[in-house]
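Hi,

Here is the structure I said I would pass on. Have a look at it first, and then read on for what turned up.

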Amino acid sequence: MSSTFGNAAEEAVVIPPPAVDETASAMTEKAVFAGGCFWGVQGVFQHVKGVKNAVSGYSGGTKETAVYETVSNGKTGHAESVEITYNPKEVTYGQLLQIFFSVAHNPTQLNYQGPDHGTQYRSEIFTTNGEQKKIALSYIAQLDEAAVFGEPVVTKVSDMTAFYPAEEYHQDFLTLNPTYPYIVYNDMPKIENLKALFPAKFSPEPVLVLKAKG
């Protein structure tokens, strides 16, 4: 993550829910989103009701290069990503996408988010099945048609190949380091935006990776 702060933290954008969404099943599902530094994206989804786990990691490259210091050079193909395990009866894939586009990041920034620049900070959705791909592509087209951001959505939609969890010190970083300057400036506003824009989906107690492992 960049040590610089750049411009002020991104403002959340109020956007409509997706016109196309999944049919809730009785089983838990996984979603993988990349939207800049994974500290903030993980932190947001850890506060969403229906999310059972949210793990920071890497997607888009090989297992051999799924190491933070290597990914940081921007040449591995990896994006800093978050794997979300959720109950679709409590929160649907479409609702997760709405939070992703509205609160978790700015989907109009190509290969950067705020102060963090490089392909590892790109906006990308890694879909695990055909239904997710259909929903994601439909929603991006819907948002572009409505021009809710004022600029085109640059989020890529790709088939999921593999997800590699990040090092332990990256997990639950927002919760464990609430006074860390980068978190205070760039990520804590996202939690407040989630609470304000999606009060029915906000959980004050985050679902933590390290707690689950313990």
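Asn-111 sits in the loop between H3 and strand S4 (112–113). Its phi is near 60°, a positive value in a residue other than glycine. Most residues other than glycine have a negative phi.

Asp-172 also has a phi near 60°, again positive in a residue other than glycine. You will find Asp-172 in the loop between strand S8 (163–165) and helix H5 (173–176). Asp-172 counts as buried, at 2% relative accessibility.

Some background before the rest. This is a predicted model, where local features need pLDDT of at least 70 and side-chain atom pairs count only at pLDDT 80 or more, while totals for chains, interfaces and linings use all residues. Residues are numbered from 1 along each chain as its sequence is written, and side-chain values use heavy atoms, with hydrogens and water left out.

Now the overall picture. The protein chain has seven helices and eight strands; these are DSSP runs numbered from the N terminus, with helices being H or I of at least four residues and strands E of at least two. Its radius of gyration is 16 Å, close to the 17 Å that the globule rule gives for 214 residues, so the chain is as compact as a globular protein of that length. That radius is taken over C-alpha atoms, and the rule is 2.2 Å times the number of residues to the power 0.38. The C-alpha trace spans about 40 × 40 × 35 Å along its principal axes. Of the 214 residues, 51% count as buried. Among contacts between residues at least 6 apart in sequence, 82% join residues at least 24 apart, where contact means heavy atoms within 4.5 Å.

Next, strand S6 (residues 123–127). Five of its five residues are buried, so S6 is largely enclosed by the rest of the structure. Both faces are covered, with Ser-123, Ile-125 and Thr-127 on one side and Glu-124 and Phe-126 on the other. In a regular strand, side chains alternate between the two faces of the sheet. S6 pairs with strand S1 (residues 29–35) in the antiparallel sense over four bridges; pairing requires that DSSP finds at least two bridges between two strands. In that pairing, Ala-34 stands opposite Glu-124. S6 is also joined by four bridges to strand S7 (residues 156–159), this time running parallel, and there Ile-125 stands opposite Val-157.

What about helix H3 (residues 93–104)? Eleven of its twelve residues are buried, so H3 is largely enclosed by the rest of the structure. Leaving aside neighbours within four places in sequence, Ile-99 is in contact with Val-44, Phe-45, Val-48, Ala-104, Leu-194 and Phe-198. Ile-99 and Phe-198 are 99 residues apart in sequence, and 8.1 Å apart in space, C-alpha to C-alpha.

Last one: Glu-83, in strand S3 (residues 79–86). Glu-83 is buried, with a relative accessible area of 18%. Beyond its neighbours within four places in sequence, its contacts include Lys-30, Asn-53 and Phe-163.

Cheers

How values were computed:
Buried < 20%, exposed > 50% of the residue type's maximum accessible area, 1.4 Å probe, protein only.
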